[in-house]
Amino acid sequence: ALITLLAITVYWNSLHGKFIWDDRGLIKNNIYIAQQSNISVFFTHDMNVGSDSSGQSNYYRPLQMLTNKIDYIFWGLNPFGYHLTNLFFHILAAFMVFWFVETLFTNRMVSCVTSLLFVLHPVHVETVSYIAGRSDPLVTFFMLLSLTLYAKYILRYRRSLYIFSLLAFILALLSKENSVILPFLIILLDYVYGRKPTPQRLLPFFGLLIGFMFLRHF
């Protein structure tokens, strides 16, 4: 509740912002956002698909474009709703910081302070206030979710936790490219818990990474 309250208090003024810069090409003037279309187009093209921007984009972030499409269904071209969604994902990312730190240190006070510092830190202002910056809170949420589920798997050895960790990694890859570092963070987690990394646990993560690299290249 405190995380949510502070986030809303700090970012309330951002909810009244307009579409700026890349927001226009990605949302306002994008034919696949404003018209009825098959959402698969976001998974088979770069971020400029349907945009009034010329040329191809070097970015492949279908999950971000999908959330933009969902926002349009509910809000049309009212930027308030898009800003609200950005704030929502930032709060979710802060929740994940809390859960991840609490899993690592089993200290509620440490996780509380850490997550509050995260939700209030000014380094996040652009990614929360700028609609097109949504990929950052998205990838943060899914990366931390994957890491936390993997840490829980190490502690409990429940197969379902491992599978959900892999699924969260897929969603992180579809959110932003910097999620490619996650398999290497998984190796670090193994060492944190005194476990020797094994091929059985690591190969699925690196297999998804290689698959994503081929998908993005072609």
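Helix axes are lines fitted to C-alpha atoms, over the stretch in contact, and the angle is taken between N-to-C directions. I note that this is a predicted model.

**Entry 1: two helices.** I looked up how helix α6 (residues 79–105) packs with helix α9 (residues 135–156). Their angle is about 25°, and their axes lie 9 Å apart. Angles under 35 degrees count as roughly parallel. That makes α6 roughly parallel to α9. I also checked the handedness: α6 passes α9 in a left-handed crossing.

**Entry 2: salt bridges.** I found 6 salt bridges in the structure. I began with R61 and E177, where the closest N and O atoms are 3.0 Å apart. R61 sits in the loop between α4 and α5, and E177 in the loop between α10 and α11, so this pair ties together parts 116 residues apart in sequence. Are these two buried or exposed? R61 counts as buried, at 11% relative accessibility. E177 counts as buried too, at 14%.

Next I looked at R216, which meets E177 in a salt bridge (3.3 Å, N to O). R216 lies in helix α12, so the pair ties together parts 39 residues apart in sequence. R216 is partly exposed, at 30% relative accessibility.

I then turned to D190 and R201, whose side chains meet at 3.1 Å, N to O. D190 is in helix α11 and R201 in helix α12, 11 residues apart. Both are buried. Through shared partners, salt bridges join R61, E177 and R216 into one network.

**Entry 3: a nonpolar patch.** On the surface I found a patch of I70, I73, F74, W75 and L84, with about 520 Å² of accessible area together. Helix α5 (residues 62–75) gives the most, with 4 residues. I73 is in helix α5. I73 is exposed, at 61% relative accessible area.

Key. Residues numbered from 1 in each chain as written. Predicted model: local features only at pLDDT ≥ 70, side-chain atom pairs only at ≥ 80, totals over all residues. Heavy atoms only, no water. Patch = residues over 30% accessible without salt bridge, like charges linked within 9 Å, V, L, I, M, F, W, Y side chains within 5 Å. Areas by Shrake-Rupley, 256 points an atom, 1.4 Å probe, with all protein chains shown as cover. Salt bridge = Lys/Arg side-chain N within 4 Å of Asp/Glu carboxyl O. Buried < 20%, exposed > 50% of the residue type's maximum accessible area, 1.4 Å probe, protein only. Axes fitted to C-alpha atoms, helices over the stretch in contact; angles between N-to-C directions. Parallel < 35°, antiparallel > 145°, perpendicular 65-115°, else oblique. Left-handed = near helix turned anticlockwise from the far one by under 90°.
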